[in-house]
Amino acid sequence: MSQGTRKPCRQLGRAMVASPLIYGGLGAAREPGMRHKALERSGLPASQELVRLNGGVMVVGGIALALGIKPKLAAFGLATSITATTIVGHPFWREEDDAARKNQSIQFYKNAAILGGLLLEIVS
């Protein structure tokens, strides 16, 4: 790959990794809904403020990553956030209903793929 195509591909890749985090973070920050129930089930303090804070981290970090502002730091913050979100919010192994288990598995592995992109950014 030539130097001329490397930079645009990197910028596009960052934006693509950041976009679901920005979108999901906006939703959590604006309307936590029942997301705090996942915190409660995991034994963490169940608060809508914590859900909103995590959403805000995703928005700010996602925008920074997409724009290439301190991308390694942004990716590290997002990796921390999405790891916690994935373990607490998508514990497919606890689901007894097959449809719920499948849905949570999809969300878990989607987040794992995003985490992979963030780790690549951190080490590059």
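Visitor: How many helices and how many strands make up the secondary structure of the protein chain?

Guide: The model is a predicted one, in which local features need pLDDT of at least 70 and side-chain atom pairs count only at pLDDT 80 or more, while totals for chains, interfaces and linings use all residues. Residues are numbered from 1 along each chain as its sequence is written, and side-chain values use heavy atoms, with hydrogens and water left out. The protein chain has five helices and zero strands, where helices (H or I, at least four residues) and strands (E, at least two) are DSSP runs numbered from the N terminus. The order from the N terminus is α-α-α-α-α. Along the principal axes, the C-alpha atoms fill a box of roughly 50 × 30 × 20 Å.

Visitor: Why are α4 and α5 called roughly antiparallel?

Guide: Helix α4 (residues 71–89) and helix α5 (residues 98–123) pack at about 160°, with axes 9 Å apart. Axes are lines fitted to C-alpha atoms, for helices over the stretch in contact, and angles run from 0 to 180 degrees between N-to-C directions. Angles under 35 degrees count as roughly parallel, over 145 as roughly antiparallel, 65 to 115 as roughly perpendicular and the rest as oblique. The pair α4 and α5 is therefore roughly antiparallel. The residues in contact (heavy atoms within 4.5 Å) include Phe76 and Ile82 of α4 and Phe108 and Leu115 of α5. By class, this contact has 12 nonpolar, five polar and two charged residues; Ala, Val, Leu, Ile, Met, Phe, Trp, Tyr, Cys and Pro count as nonpolar, Asp, Glu, Lys and Arg as charged, and the others, Gly among them, as polar.

Visitor: What makes α1 roughly antiparallel to α3?

Guide: The axes of α1 and α3 come within 7 Å and cross at roughly 155°. That angle therefore makes α1 roughly antiparallel to α3. Among the residues that meet are Ala18, Leu21 and Gly25 in α1, and Gly55, Val59 and Gly62 in α3. The contact of α1 with α3 holds 14 nonpolar, four polar and three charged residues.

Visitor: What is the volume of the second largest pocket, and which residues line it?

Guide: The second largest pocket has a volume of about 190 Å³. Its lining consists of Arg10, Gly13, Arg14, Val17, Leu65, Gly117, Leu120, Glu121, Val123 and Ser124. Both α1 and α5 supply at least two residues of that lining. By class, the lining of the second largest pocket has four nonpolar, three polar and three charged residues.

Visitor: How much space lies in the largest pocket, and which residues lie nearest its centre?

Guide: About 700 Å³ of space lies in the largest pocket. The lining of the largest pocket has 28 residues, and Arg35, Asn54, Met58, Thr85 and His90 lie nearest the centre. A pocket here is an open set of points on a 1 Å grid over the protein atoms alone, where a 1.4 Å probe fits, with protein on both sides within 12 Å along at least five of seven lines; lining residues have an atom within 4 Å of a point. With seven residues, α1 gives the most to the lining of the largest pocket.

Note on methods
Grid points are joined across faces, edges and corners, and a volume is the space filled by probe spheres set on the points.
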